[in-house]
Amino acid sequence: MTVFTFTLQLLEPLMVTGLEGDPNSNVTLDYIPGSVIRGALISQYLKTKPANYSFDPANKAQDEYKLFFNGSVRYLNAYPSMEHHLEKIRTLPTPLSWVVQKDSKPETDIYDMCCSLLPDEQTKPLSKHFFYQQGKLVWTTKPEHQLTIHTQRERRHGRSTESDGAVFRYESLEAYSQFIGVILVEDDSLTTSIEELLKNKELNLGGSRTAGYGRVNVIDWKEKQDWKEAGEVNDIEEDSTFTITLLSNALVRNDEGQYQLDLPI
């Protein structure tokens with residue numbers, strides 16, 4: 001399997017929202033979903049085709065089926081970049097079970113509530129939602145946000161009026177922030193296509209692109225043959241207790257195909 005890592009440098013604020021929230025208030029996610037990156041590559045791919053090209057995701061004979069839809073290529077979330085010893089590190093989501101004691105200093109012990117018996121009233125969750133770990137040391141970070149207020153304008157008058165003057169609140173990822181993404185390619189015949197579509201390109205991501213949002217540069221493109229997202233995984237001994245930490249959202253089904261919240265082992 002070939003692994004491509006790259007950095008998305010925001011040239012403009014970026015708005016990548018979830019489904020929830022107030023209709024007049026858009027709040028971005030703190031990371032760039034892999035589905036957004038895949039969508040950008042599909043746009044790049046279509047630019048290489050004639051205007052009358054028929055894009056059929058269900059056609060297994062076409063190249064795009066392997067590139068985007070059958071799992072041969074997996075697009076991981078792009079998480080905030082952190083500089084550590086002059087090296088850019090891709091952070092990971094901070095486990096929800098990690099807490100610190102209330103009124104603690106910035107440099108303090110982190111407790112894992114999966115293993116700790118500290119009372120809830122003595123603890124608080126970490127305020128920074130991404131981390132990098134080296135041995136027993138942990139560094140945490142969070143992306144910077146930019147708050148912008150937009151006012152709806154009436155087309156004929158070119159300004160807001162009493163009937164057309166809604167106020168919109170946009171909280172976006174700040175321009176010039178950096179996020180590191182990863183693409184896993186199981187079919188080596190696809191590596192050249194992926195590189196041509198993404199390496200050193202300028203992309204448009206997220207929403208509100210015509211309002212000055214979403215332009216990004218792809219930089220620091222690297223190909224890696226031996227890559228692990230969360231470091232080495234130790235062998236789990238029989239009858240031992242272990243924890244599973246999700247590094248992205250997960251949809252879990254039971255044997256009948258129904259969605260559930262329990263993770264079957």
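What share of the contacts in the protein between residues at least 6 apart in sequence join residues at least 24 apart? It is 64%, where a contact means heavy atoms within 4.5 Å. Before the close-ups, some ground rules: this is a predicted model, in which local features need pLDDT of at least 70, side-chain atom pairs count only at pLDDT 80 or more, and totals for chains, interfaces and linings use all residues. Residues are numbered from 1 along each chain as its sequence is written, and side-chain values use heavy atoms, with hydrogens and water left out.

**View 1. The whole protein.** The C-alpha trace spans about 65 × 55 × 50 Å along its principal axes. Its secondary structure comes to three helices and 18 strands; these are DSSP runs numbered from the N terminus, with helices being H or I of at least four residues and strands being E of at least two. Of the 265 residues, 35% are buried. Burial here goes by relative accessible area: buried is under 20%, exposed is over 50%, and partly exposed is in between (1.4 Å probe, protein chains only).

**View 2. Tyrosine 45 meets phenylalanine 68.** A search of the whole structure turns up nine aromatic pairs. To pair, rings of Phe, Tyr and Trp (its six-membered ring) need centres within 6.5 Å; planes under 30 degrees apart are stacked, over 60 edge-to-face, and the rest tilted. In this view the ring centres of tyrosine 45 and phenylalanine 68 are 5.7 Å apart with planes at 75°, so the pair is edge-to-face. Tyrosine 45 belongs to helix 1 (residues 34-47) and phenylalanine 68 to helix 2 (residues 63-69), so this is a link between distant parts of the chain, 23 residues apart. Both tyrosine 45 and phenylalanine 68 are buried.

View 3. Phe4, Phe6 and Trp221 make up one aromatic cluster. Elsewhere, lysine 49 puts its charged end over the ring of tyrosine 53, 5.3 Å from the ring centre. The test for that is NZ of Lys or CZ of Arg within 6 Å of the ring centre and within 35 degrees of the ring normal.

**View 4. Isoleucine 37 in helix 1.** Isoleucine 37 is found in helix 1 and, at 2% relative accessibility, counts as buried. Leaving out residues up to four places away in sequence, isoleucine 37 touches Phe6, Leu8, Ile32, Tyr75, Leu76 and Ala78. Leucine 205 sits 168 residues from isoleucine 37 in sequence, yet the two are 7.6 Å apart in space, C-alpha to C-alpha.

**View 5. The second largest pocket.** This pocket holds about 650 Å³ of space. For the method-minded: on a 1 Å grid over the protein atoms alone, a pocket is an open set of points where a 1.4 Å probe fits, with protein on both sides within 12 Å along at least five of seven lines, and lining residues have an atom within 4 Å of a point. Points are joined across faces, edges and corners, and the volume is the space filled by probe spheres set on them. There are 22 lining residues, and Pro106, Thr108, Ile110, Leu126 and Val138 lie nearest the centre. Strand 7, strand 8, strand 9 (123-125) and strand 11 (137-141) each give two or more residues to the lining, with strand 11 supplying the largest share, four residues. By type, the lining divides into 10 nonpolar, five polar and seven charged residues (nonpolar: Ala, Val, Leu, Ile, Met, Phe, Trp, Tyr, Cys and Pro; charged: Asp, Glu, Lys and Arg; polar: the others, Gly among them).

View 6. Threonine 94 is in the loop between strand 6 (92-93) and strand 7 (98-101). Threonine 94 is buried, with a relative accessible area of 11%, and its contacts beyond four places in sequence are Leu126, Lys128, His129, Phe130 and Phe131. Glutamate 107 is in the loop between strand 7 and strand 8 (111-112) and is exposed, at 77% relative accessible area.

**View 7. Two residues with positive phi.** Most residues other than glycine have a negative phi. Tyrosine 176, in the loop between strand 13 (167-173) and strand 14 (178-185), has a positive phi of about 75°. Asparagine 200, in the loop between helix 3 (191-198) and strand 15, has phi near 55°. Tyrosine 176 is exposed at 58% relative accessibility, and asparagine 200 is exposed with a relative accessible area of 56%.
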